[in-house]
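Reader: Before I rely on any label, I would like to see the value and the cut-off behind it, so please take me through them one at a time.

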Amino acid sequence: MNISNPFKKVVSSGLRSQLIMGIALIIVLSISMFVADLVSRQKAFFLKINHDRGIGLSDNLANIATSHVVAYELDGLQNLISSYKKMPGLEYALVTTSDGIVLAHTNRKYLGLKPSDSISAKLKPVGATQVLIENNDIFDVASPIINHDEIVGWARIGLSQKYLTSNISEIRKRGILYILISLVIGSLFAILVAGKLSKGLQNLIESAQKIKEGDRELRVAPSKSIEVTQVGIAMNQMLDHISANEKLLAMVLANMPVGVFILDEHGKIISANPAAQQIWEGVKYVGMDDYNVYKGWFPNGKEIEWDEWGAVIALKENKAVLNQEIEIEGFDGSRKTILNSCLPLHDDNEKIVGAIAINFDITERKNTEEKIRAGEKTRKHIINSALDAIIGMDKNGLITIWTPQAERIFGWKEEEVIGKRMSEIIIPEQYRVHHERGLERYIKEGKGSILNKTIEVASLHRSGREFPVELSIAVVNDADNDFFCAFIRDISERKEAEKRIRQSEEKNRALIENISDTIILINEKLEVVYQSPSFIRTAGFTLDDHKGKTIWEIIHPDELEECLDIKHRSEMAPGIAIPFQQRTLHKKGFYIWIEGTVTNLLETESVKAFVLNYRNITERKKFEEQQLLMTSIVNSSEDAIISKTLEGIVTSWNHGAESILGYSTREIIGNSIQQIIPPHLLNEESYILNRIKKGQSVDHYETVRRKKNGEQIFVSLTVSPIFDSAGKITGASKILRNISDRKHMELEREKTMTELLQRNRDLEQFSYIVSHNLRAPVATIIGLSDVLRDKQLNHNEKEKFLNGMGVSAQKLDMVIRDLNMILQVKRDLSEKKELIRFSELINDIKVSLNLTGTEKVQFICDFNSTNEITTIKSYLYSIFYNLISNSIKYSKPNVDPVIEISSEIIENTTILHFKDNGLGIDIQKKGKHVFGLYKRFHLHLEGKGMGLFMVKSQVEALGGKISIQSSENIGTEFKIEFKNQVKKKVNDNTSRP
């Protein structure tokens, strides 16, 4: 038997392959579920054994280690832990204090350390065994060591679980092998069974495929299977029925009056009825890619591309194309217009199996419509060209015609009014009843009072506005139906022009009589021949008062010469308005100021006079004088007096402002007030302007402002809102006073007070140190001296007590020397200051600490911002030395120290950063004691607790300040700030030692 043939059948997608795959899949799934369950159970079993073993070892270690921990027998405890090393699968074993300090460990390098890893962090202070982690790699469990109901330590066991993974992996590999074997056996079994079960069905499928390909004469032969035979009989009957239907369909298509094309799913034309051949004068059975042999054009004249035919759209986009009007060219060269439709055909699964295209010849109908449209277009063009609006109305009062001129006059579009009642569209409401009655009368009697007449009536615009029109109405007889044709002309402009002429005369008269300005006419003899009524209000004179007098009698004597000059200029420039400003006499005997123009219209026939148009400006003159006085007062003030808009734009700037801030009026007017405000105080201006906008003042506000040269000065501000005549806030006035001298005195006083308070605190601390640190050795010496007076002491006892006195004296001397060093730092700084380069200072310290050439301590220095400072070298050396030596001294075990030192400049302040990766300090608990005297935080190393105290004292003695940031087992960073010590950047190749 050829094994390859059955397997070729498996890869097919028929029923047989599905049956084969189903049987094989059931077998493989059964074996796979069994293997998966076996692996899962084995894994759970191994994990539980290791879990129970780890807890047992941990509890046992806790019980055995209790006595060692209580007695603090570390050697015995370490021996106990060492005995656990040979246990199978043990990764580590350790015993810690209740605080987590390692007392014994299978790896001695961890002794004395406090584990800070994420696993150890899970340990909670409860008196029960705790599983800290359990995964595929490790099982870590901790048991409490309890003495008298108090946890005195922890016993931890770490067991490896990697051997479990290897065992499970081996089981899993064998399971996969079993699955593969079952797959092969199951597939062979399934092929043999499915082959016999599906043979008859396969023959049936092959017959169906041939029928599908077009073999309508084929019939299915009987099979050994009763079921397959019954299906074959049913298929044969169905084929007979389909053949009959196809013949009937062919007969219907042949007699249809429209062209029909049948296309397969690929777009190939497989059938066309006689009507289709007649429309196209022939037919070509081509595929989709060759549709270009059929020529057609869209209504816009664009030629139809092959992929724009309805058949292509229906098949490719699964979309019906209905009544697509196109022009075609038949295969004989004739042109026709058709309606083209195409529908996709689907099977029961909505799959496209072909398409049907239908062509309907509308050439004759299109020619007829074109003739009708041409006549209608000519008629409509004539109507639309008329200057008047033409509106048609039937006997029912409905609008039938509405020309473009009607749209323009009444505001309604044609499509909006056709079929609507005329009375509701253009006739005002008060006239609609008369319109309806006139229409009824014509229908009854055939008469109308306004027919064939031109009348003026009110009409209604779309907006509701009434306007006058000129109307003519004629009756048009159309067969048995008469309709009315109205010719309408908008006469609004004509009526408005007539109205404007009437109103202009009335307006001019009212204007002259009621205008506040005065208009007078003076003849060539300079006599007043006309004056407007306002002249009496301005000067008190009536026209009768001027009879026989000239204007020279009312002009101020000081302005007579100027008045003559104006008269001469006006005579030289007739028709040109000449401005003037002068004083004239009031009837009560005083003079008033007037301002206006004089125009020479002597040559104008209707006027023949000089026309003077002027107004009284006496009050304005008084205000201008007051303004000049106020300006003089403001400019004489030593304070800066400034005005600005609500947007902060300067509008005035007195001499005091120029003197205090350095900007001239020309430089600052029109610019923003922010020019004098330091950048960090710009929010103050927003605050002040917000108060001004609310009508609130700002009184004696002390702040800082910036002069033109960049100098910042202390000022006192008083800012008030400026109101216009209507009471609206238009700006702000500001009075600025320089208070720098006073503020400097206050700051100096505050600095002195701060220094006194600091010295007082230092004295308190010093007294505490003296009383605390000197008392113990002195008390010891006094006590020992009292004991030495005892004559019964033997020689050895006296020697012992004398040694004790010596030790106490040395401690006393050490304290006194420390205090002397502190006092030395607190004394006045008399040592000369000098320029110090940071990079050179660090190189000197590296030599002192014997670090030259070594790679165990790494320095990362960045002095690009600044590499030098002017100060006392011995103090700065001591600061650098203490911080660097501390970073090395308190580095983490087995971790090389990394010390980062950098500089930066921020606002005239030199800032130094010292950062390391050492043990660090818990700032939250011990931060307030960091710079205290004799304060130590790492007791496993020798030290006195003087270093940081001296660093802080020396930094403050140099006028600086120091701060710290630190975290345990991460590192520490010190920040030192020196104000007013900024130096220019110096390029230095040694800036990174």
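**Labels and their cut-offs**

Reader: What makes Cys342 count as buried?

Author: Cys342 has a relative accessible area of 0%, and buried means under 20%, with exposed over 50% and partly exposed in between, using a 1.4 Å probe and protein chains only, so Cys342 is called buried. Cys563, at 9% relative accessibility, counts as buried too. This is a predicted model, in which local features need pLDDT of at least 70 and side-chain atom pairs count only at pLDDT 80 or more, while totals for chains, interfaces and linings use all residues. Residues are numbered from 1 along each chain as its sequence is written, and side-chain values use heavy atoms, with hydrogens and water left out.

Reader: How many disulfides does a search of the whole structure find?

Author: The search finds 0 disulfides, where a disulfide is a pair of cysteine sulfur atoms within 2.5 Å.

Reader: Why is H24 called roughly antiparallel to H26?

Author: Helix H24 (residues 873-889) and helix H26 (residues 947-957) pack at an angle of about 150°, with their axes 9 Å apart. Angles under 35 degrees count as roughly parallel, over 145 as roughly antiparallel, 65 to 115 as roughly perpendicular and the rest as oblique, and therefore H24 is roughly antiparallel to H26.

Reader: Which classes of residue make up the contact of H24 with H26?

Author: Contact means heavy atoms within 4.5 Å, and the residues of H24 that meet H26 include Tyr875, Ile879 and Leu883, with Leu948, Val951 and Val955 among those in H26. By class, this contact has 7 nonpolar, 5 polar and no charged residues.

Key. Axes are lines fitted to C-alpha atoms, for helices over the stretch in contact, and angles run from 0 to 180 degrees between N-to-C directions. Helices (H or I, at least four residues) and strands (E, at least two) are DSSP runs, numbered from the N terminus. Ala, Val, Leu, Ile, Met, Phe, Trp, Tyr, Cys and Pro count as nonpolar, Asp, Glu, Lys and Arg as charged, and the others, Gly among them, as polar.
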